[in-house]
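Please look over the model shown here with its side chains in view.

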Amino acid sequence: MALQPEEQQNSVEDAKDMMFVCDSSLDHKGRLPLRSSTGTWKAAFFIIAIEFTERLSYFAIATNLITYLTKVIHEDLTTAAKNVNNWAGVTTITPLLGAFLADAYAGRFLMILLSSIVYLMGLGILTMSQFIPSLKPSKGKVHEVVFFAGIYLLSLGSGGHKPSLESFGADQFDDDNLEERKGKMSFFNWWNAALCSGLLLAVTVLVYLQDNISWGFSNIILTITMALTIIIFILGKPFYRYRAPQGSPLTPILQVLVAAFIKRNLPHPSTPDLLYEVPNSGRSLNHTNKLRFLDKACIIQDNETPEAASHWKLTTVTKVEETKLIVNMIPIWLTTLQFGVCIAQPTTFFVKQSSTMNRMIGKKFEIPPATIASLAAVGMLLCVVFYEKIMLPILRRVTGKERGITILQRVGIGMVITILGLAVAAIVEKQRLIVAEKEKGGNKRFLSMSVFWLSPQFLILGIADGFALVGLQEFFYDQVPDSMRSLGIALYLSVIGVGSFISSFLITVVNHVTEKNGKSWFGKDLNSSRLDKFYWLLAAMTGLNFGVYVILAKRHSYKSVQKM
């Protein structure tokens, strides 16, 4: 039986979709990408490799930074904690600029390449600060300036590298193909598994090298490894799917706001079908009834010709819905900042606690203070594997949904587990203080209390990260407009960055208030501090914040895509 012309056309289009990727991606020669030879895991592995190396070096430096600042540069505990938080904050805020430049002008591949070179330069400076005689730690202020220049150059490199790399990896999966769409959901889980593997290796092998051989030797390894993975990343070029930069992603949002303001006095049309929309080769969004005042930006006036109208006076339904997505994200972003405050603690006070405790394994082997942080990576890794292999298939069968549970439900589970982790941390710290009081005046380098008392809090917070951090990554990548996906990852990173700044500010406020009312919770050393009370304060703040988050999460509307 002969096919009708319309059926023949549909058949041709289906065959094209099977052979080529038609989601606005291009191959390395600017053509439609072949589905069989580009993208998916064959490309993602090259991208994950460079992320693994970058995270390896970041965690090797970050987890042991507070120890370096207090022991080598001789900063006091409060100053060192603030410096670590400020550096972590800058490292996770600069991606907002890098993501904007990648989405608007440079493209993700080029931004990754350039920022990786900047990152490599930062590692090179840190290495030189350990070997060049005039820059060594013994030179005091000179070394301090060079050291901070090196780590902040790492921040600058991360600013372009981190958001572009993760979104570039997720771009390798086509949302309009069922199997690839499932692959993208798994991508964020395995991306974080690689991140955890980097953390695990950093806080065991590399931190041990830093403490027992030298920071310089560790930095040489990191610099060489980073150089090699940049080469590996370049070798993957023929396998990648690329997205061409589309100009400033903020311009369409501003156009919607201006057009809506100009037409603010117009009545709403009787049906959304009367709102202006144009078919396009990309993905269009369905109309939603929230933030209806923005709909006025796509009302066609009687004297208005859509084709000739200015974009600042008339926009499409899709642009309006994209603006709604960003506006709806703001409350969610604000209520996740408290989570960012909580995850700033393991790399500062948790590690410093471990430095006062018995870290001996057997009679001769002593683990570095930061090595105990490897348990956070173990917890997150176990959580990601459990969620991907056991929990997700069960949830899919029970709910009949691809994701099993919503993204924000996954984040919420992580927040609840975080509260539990902070409560455990407070109880353990109280016990450590009791032991410290009993053993006061002794000549021992550390307390008799084993460092493995800290294991539960690291494991619990690692599990919390497996839910909340992965969920936040997926949420801010998936729910932003397609043209803003690097910026979406940057928004996720800014949760951690702003959280670190808030943590520094909170330490300052708590220190001032408690000192004014008797004894500061942050003394000259840990044994004269009351970190247990600080952890209880964080747990209470996170609990209150979670109540607000639940209300907002229930009201949140997810992106609704219509294939044109």
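The sections below take these topics in turn.

## Basis of the values

The model is predicted, so to speak of local features a pLDDT of at least 70 is needed, while side-chain atom pairs count only at pLDDT 80 or more and totals for chains, interfaces and linings use all residues. Residues are numbered from 1 along each chain as its sequence is written, and side-chain values use heavy atoms, with hydrogens and water left out.

## Aromatic pairs

Across the whole structure, a search finds 33 aromatic pairs, where rings of Phe, Tyr and Trp (its six-membered ring) pair if their centres lie within 6.5 Å, with planes under 30 degrees apart counted as stacked, over 60 as edge-to-face and the rest as tilted. One of them joins F46 and Y240 edge-to-face, at 6.3 Å centre to centre and with 90 degrees between the planes. This pair links distant parts of the chain, since F46 belongs to helix α2 (residues 40-71) and Y240 to the loop between α8 (215-235) and α9 (250-262), 194 residues apart; helices here are DSSP runs (H or I, at least four residues) and strands likewise (E, at least two), numbered from the N terminus. F46 is partly exposed at 21% relative accessibility, whereas Y240 is buried at 0%; buried means under 20% relative accessible area, exposed over 50% and partly exposed in between, with a 1.4 Å probe and protein chains only. Ring pairs also link F46 and Y240 with F109, F168, F233, F239 and Y242 into a cluster.

## The loop between α15 and α16

S529 is placed in the loop between α15 and α16, and with a relative accessible area of 2% this serine is buried. Leaving aside neighbours within four places in sequence, S529 is in contact (heavy atoms within 4.5 Å) with L433, W521, F522 and G523. The C-alpha atoms of S529 and S57 are separated by 31 Å, the two residues being 472 residues apart along the chain.

## Charged side chains

The search for salt bridges, each defined as a side-chain nitrogen of Lys or Arg within 4 Å of a carboxyl oxygen of Asp or Glu, finds 16 in the whole structure. In helix α2, E51 and R55 lie four residues apart, about one turn of the helix, and their side chains meet in a salt bridge of 3.7 Å, N to O; both residues are buried. The charged end of R55 also sits over the ring of F59, 5.6 Å from its centre, a description that requires NZ of Lys or CZ of Arg within 6 Å of the ring centre and within 35 degrees of the ring normal. In the same way, the charged end of R264 sits over the ring of F261, 4.2 Å from its centre.

R31 and D27 form another salt bridge, at 3.1 Å from N to O; R31 is partly exposed at 46%, while D27 is buried at 8%.

## A nonpolar surface patch

F131, I220, I224, L228, I231 and L235 make a nonpolar surface patch of about 570 Å². Patches are made of residues with over 30% relative accessible area and no salt bridge, like charges being joined within 9 Å and nonpolar side chains (Val, Leu, Ile, Met, Phe, Trp, Tyr) within 5 Å, and accessible areas come from the Shrake-Rupley method with a 1.4 Å probe. Helix α8 gives the most to this patch, with five residues; L235 lies in helix α8 and counts as exposed at 56% relative accessibility.
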